Amino acid sequence: MTDIIGASIPRVDAVDKVTGAAKFADDLQFGPGLLYGRLVRSPHAHALVKRIDVRKALALPGVKAIATGADTPGYIGLYLQDRHIFATDRVRYIGDPLAGIVATSEEIAEEAVKLVQVEYVELPGVFDPKEAAKPDAPVLHPDLGKYTVANFIFPKPGSNISNHFKVRKGDVDKVFAQCDVIVESDFRVPQIQHVPIEPHIAVALAEQSGKITLWGSSQSPFAQRDLIAKALGISQGDLRVVAPYIGGGFGSKAGVSMEACAVVMEQKVPGRPVKLRLTREEEFFCAFVRQGLVAHTKIGATKEGKLVAMKTEYYWDAGAYTEYGVNITRAGGYSSTGPYEIPNVWADSYCCYTNHPVGGPMRGFGMPEIHWGIEQLMDQLAGKLGMDARAFRLKNCLKTGSEVVTGWKMHPTGLTECIEKATAAIDWGRREPASAPHKKRGKGMAIMWKAPAMPPNAGSSSYVRLNEDATVTVGLGGQEIGQGTHTAMAQMVAAALGVPVEWIRIATPVDTQYSPYEWQTVASRLTWSMGNAVVAAAKHARQQILELVAEHWNEKIQDLDIKDGSVISYNTEQALPLKNMVVYGLPKEGDCGWRGGPIVGRGNFMPTYVTGLDAETGQGPRSVVHYTVGCQAVDLEVDTETGQIEILRVAAAFDVGKAINPDQVRAQMEGGVVQGASSAIFEKLDLRNGKVVNPSFVDYRIATSVDMPHKIIPLIVEEPQDDGPWGARGIGEHAMVPTAPAIANAVYNAVGIRLPSMPLSAERVFLAMQEK
Amino acid sequence: MSQHSITLQVNGTTERATVLSNMTLLTMLREVLVLTGTKNGCAAGECGACTVLMNGEPVNSCMVLAVEADGAEIVTVEGLAHDRKLDAIQQAFVDLTGVQCGFCTPGMLISARALLDRNPRPSESEIKDALRGNLCRCTGYTRIVEAVMEAGS
């Protein structure tokens, strides 16, 4: 049955999704008693709130209740509790929620929003992270020093820096003085938005007993339960979060955001459910956005092309609240070398409050942002050395046993193979003609690394329950967000238990009342972490079945196995189907009773070996669980008359340890490439004094079917992970990480221009060519 | 706001509904007829998640008033399969992994069905052009285009 591992079976959710049967949160029915919510949002980027008067709004017929910051004065947040559910005395971005209207229709609620009177005193705003970090900048969070914070985050009270992560390794200044070749440059990455096609939605129902149920488009039902319960001072056992299918998240639906508003609003009208959904416009600036980045990096090498020193400054445009973003800053810092072995490193990664939309996790968690600069600079350095970009990377990239920036020795890694495969797939080194005289063709590459960024004790759990006909119900808490995780989990349970994969049923929707705990569906951690938990649960069930049959047959367990849904004996060659006995047990001989009972296996997984990093040096024995690495190579054309980039070929090679379902792995790579290319060429939240002026699909373009590369070549590399199920490690976010710098390097190769900031829109590329 | 009584065919069934003047076809399908397969992604005619067939033509149902659909024939994603047998385009999406999160899928299938109805053997560029109004953030479109090719072959 282990053949099912590595088999490209169809997705277990595909039929429900193509027939319209798959239920998303907005599809659930709540009957005629359903109420609707809308949020009152700040029109100011930074202001003190003097007074909120809701009387006129409350008097509007159809308005049932209005929640404000007075209802929940406390704080909420994942790594740093710096956020009110509703703003109280201060608003910090355009869109900051101040009040939640509950009414009998969305139209009435919207009407009531206009009737809420808020008296503001405007304050100067901060719209650039580097400016924000200056000592004389207006301070957005005067109470920063009082916020509850995780012990690996280092805020600087009295400033706008909510986390300062440092690396101090070797002697950078001394080594730079001896370098033969040095390059340094500034890079900028704008805030962008995840743009899941399903906007955020939450429905809450409170009962008079105090119990609350929340249905939502959520990557994090358990984290939401925990954080909302703590913020509201209720028991986690009394808050139930149900998470049906989710229409894309990419990080925007991780942690807690508008869901907490819905719960507080519902507490005002217990007994009648309240539905709160974001409009597409709100989605662009009121949900999480990807943090912006202002980077300055300097790297040095010997004349033989050996990297020896790197110095980096990152100022993250983390927006008004950084409860989640502080850890992106940390991840950016401890990954700041990219996948290279560099003995001397100095890095400062600052998480900066600005009066911009709230930065949060987005596919890659800081890695697309930092690799944008790192990988362009590596090309520049290779160029200055007169080395081929590929040869330079092969020489300096991490190999098994290399020392990584934090001091850990790299685990077995297939990065070299990724570079070789991806570049070969686009005929690296071969100069090829453009398709027209006004077009120029170029090739570029970039490599990447990423570790799951999470608390050291992020856990997973699972149960495996057998039904009468030996179909298997698998309980788990990880969300099927599109990545195919439930299909991979079904394959793992089938293999570990010894039954056909068609017998596996994943217990959905994830429901904190019935599903086993899972930290969050983030960090590309499920295949590995939840995979380990479901395999443990399947093995636990298997053990119970084998014990039962061993006793029944009077044989030794080690002579028995489960194959294709039957227990078999290698000793006596007997076989017994699982059907019935896994629920009803087996009769003892001579009608003297029964043995066994309904089989339920349980399993959990939590990494127990993750250590902290020294606050002053960023060094530590093992600060992450593993790194997924990869390489992308791009072959493109630039239209010299329009500046338009047309991607002919992208090869993407990633070391996934073991592809449980190779087809789904390739699908992740393809989707990541296009999302990465979209960010590289089109995407930017156009912010003017804190206001997003392009919050629609017309003005904020994402890649459509006509923009996709002509050919995407996904390539799987498998260097097994020692603690991964069948050697698997995550792939999901990674495919987006190297795309943008690989495109930038190919554009340089084609037309000789290099833009320090994204996006490489046709207009900007054209103007840069004109200036050249 | 005045109310209107309308009659229309939805997935081959005659439906009568009383709707307000400003109700969209999307809202009527989702909230009055509880056909929730059709999705609301932007309510502005920009993402294509709400695409349905109206008299054989793909339309953004968020941009059509329910009263405009009086007398029309509507096909939603729920109407593609018959007798528990998937339409060829649905089967191709399953077989070739044209689906990830599944939220754009209903609209994508309807746009693809409309294309195949008027052009049973579309070229790759004709497919990309026909689907440009249907945004997908997960798949990168590759397998969706392949699935439409497959269903058309």
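What follows is a set of questions and answers on a predicted model.

Q: Why does Gly565(A) count as buried?
A: The cut-off for a buried residue is 20 or more other C-beta atoms within 10 Å of its own. Gly565(A) has 20 C-beta neighbours inside 10 Å, and therefore it counts as buried.

Q: Where is the place of Gly565(A), and with which residues is it in contact, leaving aside its neighbours within four places in sequence?
A: Gly565(A) sits in the loop that links strand 25 (560-563) and strand 26 (566-569) of chain A. Setting aside neighbours within four places in sequence, its contacts are Ala470(A), Val499(A), Pro500(A), Trp503(A), Pro577(A) and Leu578(A).

Q: How does the radius of gyration of chain B agree with that of a compact globule?
A: A compact globule with 153 residues would have a radius of gyration near 15 Å; chain B has 15 Å, so the value agrees. Along the principal axes, the C-alpha trace of chain B spans about 45 × 30 × 25 Å. Of its 153 residues, 54% count as buried. Among contacts in chain B with a separation of 6 or more, 57% come from residues 24 or more positions apart.

Q: What makes up chain B, and in what order do its elements run from the N terminus on?
A: Chain B has five helices and five strands. Starting from the N terminus, they follow the order β-β-α-β-β-β-α-α-α-α.

Q: Which domains does the assignment of chain B give, and how far apart do their C-alpha centres lie?
A: The assignment gives domain 1 (3-79) and domain 2 (88-152) of chain B. Their C-alpha centres lie 21 Å apart. Domain 1 of chain B brings 15 residues to the contact and domain 2 of chain B brings 13 residues. On the side of domain 1 of chain B that touches domain 2 of chain B, the elements giving two or more residues are strand 3 (51-54) and strand 4 (57-60) of chain B. Strand 3 of chain B supplies the largest share of that side, three residues. By class, that side of domain 1 of chain B divides into seven nonpolar, six polar and two charged residues.

Q: How many residues does the contact take from chain B and from chain A?
A: It takes 44 residues from chain B and 43 residues from chain A. On the side of chain B that touches chain A, the elements giving two or more residues are helix 2 (88-95), helix 3 (105-118), helix 4 (124-130) and helix 5 (142-152) of chain B. Helix 2 of chain B gives the most to that side, with four residues. Sorted by class, the side of chain B that touches chain A has 23 nonpolar, 13 polar and eight charged residues.

Q: What makes strand 9 and strand 10 of chain A edge strands?
A: Their sheet is open, with five strands of chain A in the order 9-18-17-16-10 and mixed pairing. Strand 9 (161-169) and strand 10 (181-189) of chain A each pair on one side only, as edge strands do. Strand 9 of chain A runs antiparallel to strand 18 (residues 344-353) of chain A, and eight bridges join them. The cut-off for a pair is at least two bridges, so these two strands qualify. Arg168(A) stands opposite Trp346(A) in strand 18 of chain A.

Q: Which helix lies across strand 10, strand 16 and strand 17 of chain A?
A: Helix 10 (residues 367-385) of chain A does, running at about 150° to strand 10 of chain A.

Q: Into which domains is chain A divided, and how many residues does the contact take from domain 1 and from domain 3?
A: Chain A is divided into domain 1 (2-21 + 458-605), domain 2 (33-123 + 203-277) and domain 3 (289-454 + 612-771). The C-alpha centres of domain 1 of chain A and domain 3 of chain A are separated by 38 Å. Their contact takes 22 residues from domain 1 of chain A and 25 residues from domain 3 of chain A. Helix 13 (485-497) and helix 14 (529-553) of chain A are the elements that give two or more residues to the side of domain 1 of chain A that touches domain 3 of chain A. The largest share of that side, four residues, comes from helix 13 of chain A.

Methods:
Residues numbered from 1 in each chain as written. Chains lettered and ligands numbered in written order. Predicted model: local features only at pLDDT ≥ 70, side-chain atom pairs only at ≥ 80, totals over all residues. Contact = placed C-beta atoms within 7 Å. Nonpolar A, V, L, I, M, F, W, Y, C, P; charged D, E, K, R; others polar. Domains from an automatic or database assignment. Axes fitted to C-alpha atoms, helices over the stretch in contact; angles between N-to-C directions. Rg over C-alpha atoms; globule rule 2.2 N^0.38 Å. Buried ≥ 20, exposed ≤ 12 C-beta atoms within 10 Å, placed from the backbone.
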